[in-house]
Amino acid sequence: MLAGHSQQGPATVVSSRTILILGGTAEAYELARRLSGRSGLRVISSLAGRTIAPRRPEGEWRVGGFGGPEGLARYFREQDIFAVIDATHPFAARMGWNAAQACAVAGIRLARLERPAWVRQPGDNWDEAADWDEAIALLGVHSRRVLLAVGRQELEPFAALDHVWFLIRSIEPPDPLLAFAQARFLPARGPFTLESERDLLRAHGIDTIVCKNSGGDDAKLIAAREMGIRVVMKRRPPRPVSPMFASVADAVDWVSG
Ligand code: NAP
């Protein structure tokens with residue numbers, strides 16, 4: 001993480017209300033696009049700094065952690081934030097709890113924008129896990145050729161599984177670089193078509209997909225259902241209670257209300 005590193009986008013517009021979007025997702029970019037340029041509203045997007053070459057959101061933006069809930073509360077005061085939308089990834093739970101704590105202390109409105117979770121459909125062969133240790137236990141001895149789509153920074157627990165061949169798919173190279181006994185790295189950025197997912201699973205003889213319940217593009221899950229391929233999926237972590245929106249339009253209405 002680019003801890004403490006902070007960058008500023010275009011010059012600050014003098015206005016009455018400043019909203020902070022906790023970002024890093026497609027929904028957060030879309031929200032920033034829909035809100036920026038509105039009169040009387042200053043929009044700041046915050047990125048954690050995990051991605052090597054992140055897309056720049058519309059409006060103002062900054063990069064790097066705040067330094068826990070205390071640092072976030074300080075940032076609220078410095079920037080005179082009136083409301084926060086936590087649009088971080090469903091698995092970025094710590095930021096959500098930090099935001100809830102800081103907003104409660106500062107008396108600031110907080111809402112959550114989160115894409116809906118995938119829901120098991122008839123024909124799915126899913127096993128759900130609370131964490132990667134449980135997922136690895138579920139792989140057992142029967143899963144031998146695994147599409148690992150868990151994000152480049154969460155590969156470590158899988159590197160010790162010598163009996164499994166992994167197809168590791170992520171946007172950027174694994175971090176840290178790990179010594180897998182049998183693996184191939186496939187750099188790729190979704191969304192993926194159903195046809196390309198079918199081809200990929202077939203070409204590599206995949207018997208199991210390991211992923212998180214991120215929601216959104218579900219082509220790999222449809223292909224797995226069709227092909228009788230097992231899915232081991234990490235459940236979403238618990239989140240603090242706050243108004244919750246599944247669509248960017250509803251989050252825009254909340255800001256406007
Ligand atoms: P996390 O565990 O919830 O957060 C860890 C720490 O990173 C936070 O305590 C905070 O540091 C900092 N942080 C997280 N999101 C931030 C943001 N939007 N702006 C500024 N600081 C942020 O999060 P994570 O799982 O490491 O994910 C980091 C970022 O990557 C998130 O913004 C998320 O939207 C994006 N992302 C995550 C995943 C995933 O699977 N986890 C997938 C795709 C994208 P301080 O305590 O110092 O403030």
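Student: Let's begin with the sheet that has β3 in it. What's the strand order there?

Tutor: This is a predicted model, and in it that open sheet has 6 strands in the order β3-β2-β1-β4-β5-β12, with parallel pairing.

Student: Which strands sit at the edges?

Tutor: β3 (60–63) and β12 (244–245), each of which pairs on one side only.

Student: How many bridges join β5 to β12?

Tutor: There are 2 bridges between β5 (residues 109–113) and β12, and the two strands run parallel. If you want a spot to look at, Arg112 stands opposite Met244 in β12.

Student: OK, and which strands does α3 touch when it packs on that sheet?

Tutor: α3 touches β1 (17–22), β4 (81–86) and β5. The direction of α3 makes about 160° with that of β5.

Student: Switching to the ligand. Which residues come nearest?

Tutor: Ser46, Arg50, Phe66, Met95 and Lys212, out of 23 residues around the ligand.

Student: Where are the polar atoms around the ligand's oxygens?

Tutor: Take the backbone first: an N or O atom of Gly67 lies 2.9 Å from a ligand oxygen, and a polar backbone atom of Ala93 is 3.4 Å from a ligand oxygen.

Student: How much of the ligand's accessible area does the protein cover?

Tutor: 81% of the 810 Å² that the ligand has on its own.

Student: Back to sheets. What's the order in the one with β6?

Tutor: That open sheet also has parallel pairing, and its 6 strands go β6-β11-β10-β7-β8-β9. Its edge strands, β6 (126–129) and β9 (183–187), each pair on one side only.

Student: How do β6 and β11 pair up?

Tutor: In the parallel sense, over 4 bridges, with β11 covering residues 230–234. Ala129, for instance, has Lys234 in β11 as its bridge partner.

Student: Which strands does α6 touch?

Tutor: Helix α6 (residues 219–227) packs on the sheet and touches β6, β7 (145–149), β8 (165–170), β10 (208–212) and β11. The angle between the directions of α6 and β10 is about 150°.

Methods. Residues numbered from 1 in each chain as written. Predicted model: local features only at pLDDT ≥ 70, side-chain atom pairs only at ≥ 80, totals over all residues. Heavy atoms only, no water. Near = heavy atom within 4 Å. Polar contact = N/O pair within 3.5 Å; in protein donor to acceptor, adjacent residues only side chain to side chain. Areas by Shrake-Rupley, 256 points an atom, 1.4 Å probe, with all protein chains shown as cover. Pairing = 2+ DSSP bridges. Contact = heavy atoms within 4.5 Å. Axes fitted to C-alpha atoms, helices over the stretch in contact; angles between N-to-C directions.
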